[in-house]
Amino acid sequence: MVSQYGIKLATYLISASYGDFCSKVCECLLSRGTLTLMQIIRFTELSRENVVNCLRVLIHQNCVQAFSIQQEVAFGEAPKIVTQYMALFDNVIHKMRFPKFMQIVSEELGLDCLGIFEGLLQHGRLSLNQIIDRNKQTPDNSDVHVVQESFSILLNARLVERCPAPEPFLAPSSEEETPAKRRGTKSAKIAEAPKTIEQRALAEATPMESIRFLMEIDPLTGASEEKGMETHNVATLDEKWKQDFSDAELSASGRKKEILWRVNFEEFVRRLRHKACIEYVRIRLGDQSGIVLSAILELTRSSETTIKTDKSASLSINDIYDEVIKKDGGLGMDLERIRASLVQLGCQIPTTGIDETYSIDLKKIIELAQNEEVESVVLKRYGREAYRIFRLLSKSGSLLETDKISDTTFVEKKDTLKILYKLWKDGYLHMEKVSVNGPKQTLFLLWEINKESLWVRVLDEMYHAALNLRLRITYELDQEKEILQLPKEKLIGELEKRYKRLGKVRIILESSLMNLDGALMLFHDF
Amino acid sequence: MAFRGRGRGRGGFGGGGFRAAKQEPFELYPELEDLGTAEYSTRNLQLIKWYSNLQKYWNSSPYYYEGGSERTRNVQKPDVERLSDKNSQVANAKPPLWHFIKLDIDHVPAELARGDKKEKLGSKRVRWNPESAGMHKLDLFEKLEQKHQGQEGKENKENEDQEEDDERNEEEAEEEFSDEGDYEQNEYFDDDEDDYNMADDNDDEPFF
């Protein structure tokens, strides 16, 4: 379940973008979990028409996923199939960082792709025909071929994907099914936790990897889906484009169905994760290590299957070298310098020179960045001594007694106790009392940091801060709305000062929000 | 000494029974000390602009759902109905959802789907741009931004141009949104973009 302020932030984002009705429905789904249509109507107390339209908008904007499931019925009755709806919290929060996605597209792929991409962000889902039509109505409309080519580029870069199935059916799974029986997990040493119904629905809805980024299926042969997968990936433009059915495929009933496309959030999160790792390494270990890491990540990016990969794929030293010299500032690096950077990044140089491959532990880098973030919060809020204590506890990873902490960090025992108590009250530390029965009964206090619960708390505080920032921005703009409606000539003297102040305030607040969003991703998505 | 203390206590208790609470004005954002100053940098200016544009688009689009039939019933009628009002309202109302969202069973769950009576939609009917005037303004801004990168010599000439453009755009904006009373939200900053742009050209501080 999502934390309290996470829900509030998501609800606010929906309300600001899509109105109060949609935000009520979204809040209902986030706080109560997956529901059916009737349940949503009952809990939100909105009319059926309104709920239906809100769900249509939210599904179209990728904030809600529907799936159908067989409901348990009394003995003797025919099994009922109901549709349930789940809110996609991550996608809602992604709305805050749409500009960052746009920046990636604009920097890497250019303005034509950016135009298409912006349309996908605005509408959530579009078919290729809709993209073309929309482009015709923009002021600087380009030729149809340019549009199709730009779309093709976006697809090949995996920044755009096919929309998930609108209503996948989850076959009733036997609860007795153990993880080992599922395909592919027989060799798993650690038993996976059984998937929740929401995870199963998402897995079921996602198109298969082989067609997820596949543009067309040969319309001439009228191929079925299986045959379509065998055809080669279409990157070349030819006369087929001019047909209306160029991006249609046969639906189950045999009608031609237009494919809808949407932004592939997974890929953008992956790229932002890489950016964050590279930036962290660059600041902590130096430019050269940053260049080496960015070279490695660029080469291994396409082989990552999940967002939160622990280690990058292995690369040989020669591949790394080839990529490094292509980068800015990497030209002067030779193999020895690259090896030195790799050691800094935590790799070990293999002793046998035959198979020199390296892989980077990305999870470790993310953890280090997270630790630094929390430690800086502790420093700001509780002071330098608290920071030292916190770092000690964070590094030791086990329960430490008050006196030991005080001795190691050179803090007075009284102050140590005060600080520890304050941190414990605010939920940063976990405390245990141990009493020893000896000649005198003494009570020892042991302290430790529980990373999982602390990270959840820190993340919730960040959601709270982001919500506050957004509210403050809205408030400031609201205060000065008369000024904003004045024509420019009337803005002199006092009014002009207020206007300029508003501009500065807005830039400061929004920039802070962008930075905070980086920290949010660090704790939630990376 | 004890008596004194007790006496005081009694006196205090008797006198401080229930005084009316002092009324303080409620400050939504009171001043806090020791917060430090925030960093002002225009590194993220483009990101802020993009976000602002996205928000504006969503607020003016049919995705900003405001209730179905209730809305149309509560439309405010102006005091003196004019024939031109009726026409402009029809022209400027938001397009319906199904212009953009495919409501057939292939794309939405069965219980949310709508019959395919209106499937055939000519591409010209769908309005992808809610405000062609708005897009026009943005272009102006971009062109102006390119021109005035620190050139102060042309300032006077620019002032005249901007004022003309500003007036023209404002007229267009007013026409377009005069009947959008129901759909206008509090923070509808259609004009502010322009004002920011214009300010940008006059000072060196970039606004948006």
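Predicted model: local features only at pLDDT ≥ 70, side-chain atom pairs only at ≥ 80, totals over all residues.
Select A:Phe101 and A:Phe265: both are buried.

**The ring pair**

Look at the two rings together. A pair of aromatic rings is described by the distance of the centres and the angle of the planes. A search over all chains of the structure finds 16 aromatic pairs. For A:Phe101 and A:Phe265, the ring centres are 6.3 Å apart and the planes stand at 45°, so this pair is tilted. The pair joins distant parts of the chain: A:Phe101 sits in helix H6 (residues 98-109) of chain A, and A:Phe265 in helix H13 (residues 265-285) of chain A, 164 residues apart.

**Arginines over rings**

Next, select A:Arg32 and A:Phe43. A:Arg32 lies over the face of A:Phe43, 3.9 Å from the ring centre. Then go to A:Arg472 and B:Tyr29. Here A:Arg472 lies over the ring face of B:Tyr29, at 4.1 Å from the ring centre.

**A loop in chain B**

Last stop: B:Tyr64. Find this residue in the loop between helix H2 (45-60) and helix H3 (69-73) of chain B. Is B:Tyr64 buried or exposed? Its relative accessibility is 10%, so B:Tyr64 counts as buried; the cut-off for buried is under 20%.

Methods
Residues numbered from 1 in each chain as written. Chains lettered and ligands numbered in written order. Heavy atoms only, no water. Helix = DSSP H or I, 4+ residues; strand = E, 2+ residues; numbered from the N terminus. Buried < 20%, exposed > 50% of the residue type's maximum accessible area, 1.4 Å probe, protein only. Phe/Tyr/Trp six-rings, centres within 6.5 Å; stacked < 30°, edge-to-face > 60°. Lys NZ or Arg CZ within 6 Å of the ring centre and 35° of its normal.
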